[in-house]
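Please take a careful look at the sequence and the structure below, and keep both in view while you read the explanation that follows.

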Amino acid sequence: MMAVVDSARKADESRVRAVTGLRERWSNLPYGWRISVLFAFIIFLYALPGLEIPLITTPDTDFTSVLFLCAVYVLVAVGLNVVIGLAGLLDLGYIGFYAVGAYTVAILGSPNSPVVVQFPWVVCVPIAIAVTMVSGVILGWPTLRLRGDYLAIVTLGFGEIIRVFALNSDITNGNRGITGVPVPSEGSWPEWMDWFPGITAGRPIFSVSNVIGFYWLAITLVFICMLGVRRLERSRVGRSWLAIREDEDAAEVMGVPTFKYKLWAFAIGAALGGLSGALFFSKQTFINAQGFDLFTSILWVAAVVIGGAGNQLGVALGAILLAYLPERFREFADYRLLIFGVALIVMTIFRPQGLLPSRRRKVELEDRAKEGAVGE
Amino acid sequence: MNFEFLGDNFMSLTVTGLTQGAIYALVALGYTLVYGVLRLINFAHSEVFMIGTFVTTIVWAGLGFGVGAAAPGTFGVLGLIALAVVAAGAASGGTALIVERVAYRPLRKRNAPSLIFLISAIGASVALFELVGALTDRQPRGMPSLVQPKVQFTIFGADITNLQIGIILSALAMLAGLDIFINRTRLGRGVRAVAQNPDVAALMGVNKDRVIMLIFILGGMMAGAASVLYDVKVGITTYSVGFLIGIKAFTAAVLGGIGNLRGALLGGLLLGIVENYGAGVFGNEWMDVVAFVMLVVVLLFRPTGLLGESLGRARA
């Protein structure tokens with residue numbers, strides 16, 4: 001009897017501990033304070049390319065390009081978080097959606113693609129999002145009825161199929177790829193933006209050589225998408241996802257249409273992946289099958305889990321680390337993946353909930369650990 | 001589309017596919033054993049295979065059979081292969097065991113969800129292949145062609161070489177051996193018991209941890225044997241060789257019904273054959289696409305694979 005009381009008390013304590021700390025203090029701040037701090041942080045992110053902060057800037061590569069890559073990876077992570085972190089579906093071939101989005105924009109917008117239409121970027125991107133959503137549904141429809149482990153291999157196969165298709169098909173120009181992927185706008189910087197370091201009035205806003213425009217566009221999209229996913233997370237849909245993640249059968253019994261919501265998670269995740277692919281390759285202006293290996297896809301999954309699946313800030317942190325660290329530490333280029341692999345193992349052993357865990361997920365893990373201890 | 005080619009070369013494509021499939025099947029056993037007992041996709045298994053391919057070349061080179069060395073007589077070749085099987089089996093089995101101890105056991109103690117296991121497995125996989133990549137300067141490593149393919153006989157217009165016969169027969173022999181081990185021996189009974197219900201098996205006096213170590217070693221040894229066959233067949237290896245074979249072997253395991261030993265054999269051979277037919281019809285570059293499309297189609301109609309899963313329940 002005492003043991004039961006004890007364990008109940010301990011469980012309760014761990015829950016209390018999970019919610020106190022930084023998070024508690026943050027939510028205890030007055031509303032005005034929180035808004036101002038958030039606002040200041042967002043301004044800081046926008047200003048980051050202009051601030052030459054020592055130690056943070058990358059010595060060997062253009063810092064703004066690195067920031068842009070981070071932003072794209074964050075967008076990828078936000079999308080992948082919907083699939084893995086919220087709905088608990090393991091998608092190892094997420095890069096397939098990224099590729100579909102990127103290629104849709106390239107094929108519809110480039111003058112050098114086999115398709116003669118040449119839509120502007122603003123038209124291409126919504127089409128690309130729609131196409132990736134549809135591809136998500138097409139992939140999800142047959143496979144989401146399968147058990148989780150099978151989903152992993154089928155999605156992996158999907159990613160590989162997309163890559164092989166891009167490599168060999170005529171519509172993607174095969175390995176030669178497509179040049180002249182459209183940029184968001186042909187406009188140039190106005191006079192009144194001239195004060196910002198790195199911006200020259202009259203130069204094009206979106207160009208490969210000066211990425212500030214792309215970076216600003218990317219983080220704007222990141223903020224919009226994070227806000228949107230956050231709203232979804234706290235809606236009926238989000239609650240269904242969490243229920244499915246924690247116990248699919250129980251959710252089904254409670255009246256959650258699990259298949260429908262899993263399909264939604266897949267489609268929304270796919271759409272975000274497509275958007276990030278479209279964005280990244282607009283900056284590259286060139287696309288071929290080289291950038292879509294499954295290994296990157298697997299690294300993304302690792303980034304999401306390491307950052308803290310289920311928590312948007314966590315997955316963003318994971319994505320930033322994945323994009324930023326290799327660029328910052330070029331001198332360890334040969335060993336960086338080795339270190340990464342070891343770090344993954346160490347992380348899963350000592351901090352399986354991720355760097356910035358989702359509160360609920362952390363409690364789940366602790367519960368499971370306790371069950372395991374009873375079972376041993 | 002080139003159905004004429006498929007029709008003309010049906011038998012030879014079949015035999016090539018069987019040869020490739022035999023190697024898939026051997027690697028698939030490792031996935032299936034671990035999955036059957038732990039319900040865990042051992043993603044690092046592809047690297048276990050890769051280590052075997054390297055140990056084989058190292059052993060051969062150490063005995064004076066480096067790149068371009070002339071092959072010794074028939075018995076010499078057989079001896080070299082047997083030696084390589086022992087060495088690669090030991091190295092791969094050892095690697096698998098280390099992966100289990102370092103990456104999985106701490107998580108098992110904590111009853112972690114399968115996603116966490118998967119990340120740890122990915123970590124182990126990346127670490128292993130990067131380690132070998134750094135050690136080999138990311139250069140491919142060659143070896144002598146010990147067996148010159150020689151046509152032994154012809155069936156329906158397909159030339160069957162001694163190499164193909166050797167690979168298929170030795171893979172079948174190893175599979176049969178493993179099957180007997182799991183179904184007939186005391187240790188095998190322990191494996192099946194843990195696969196069926198770990199807790200009850202533990203109550204009945206089966207040492208769970210030892211069984212888990214055993215399946216990792218067995219799977220690793222099969223991968224080691226497969227790596228020798230691969231080396232004899234292909235004659236070159238690199239640090240990244242495991243990735244595609246690993247994915248294919250896992251596909252084969254799922255296709256036959258993961259957790260099912262005979263399923264792994266069936267899945268491996270079928271995958272090898274179908275992807276060769278596919279390559280014949282659509283061209284070589286579409287080989288992998290055919291393999292994965294077949295996987296999706298089979299899973300649609302038989303969601304647990306062709307022979308059904310479970311090492312414990314079905315006849316293993």
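Two residues are said to be in contact if their C-beta atoms, placed from the backbone, lie within 7 Å. By that rule, the contact draws on 37 residues from chain B and 36 residues from chain A. On the side of chain B that touches chain A, helix 5 of chain B gives the most, with 13 residues, where helices (H or I, at least four residues) are DSSP runs numbered from the N terminus. This side of chain B holds 28 nonpolar, four polar and five charged residues; Ala, Val, Leu, Ile, Met, Phe, Trp, Tyr, Cys and Pro count as nonpolar, Asp, Glu, Lys and Arg as charged, and the others, Gly among them, as polar.

This is a predicted model, in which local features need pLDDT of at least 70 and side-chain atom pairs count only at pLDDT 80 or more, while totals for chains, interfaces and linings use all residues. Residues are numbered from 1 along each chain as its sequence is written, and chains are lettered from A and ligands numbered from 1 in the order in which they are written.

One pairing across the contact involves helix 5 of chain B again: I298(A), A302(A) and V305(A) in helix 12 of chain A meet L115(B), I119(B) and I122(B) in helix 5 of chain B. By class, the contact of these two helices has six nonpolar, no polar and no charged residues.

Turning to chain A itself, its C-alpha trace spans about 75 × 50 × 40 Å along its principal axes. Among contacts in chain A between residues at least 6 apart in sequence, 76% join residues at least 24 apart.

How values were computed. Helices (H or I, at least four residues) and strands (E, at least two) are DSSP runs, numbered from the N terminus.
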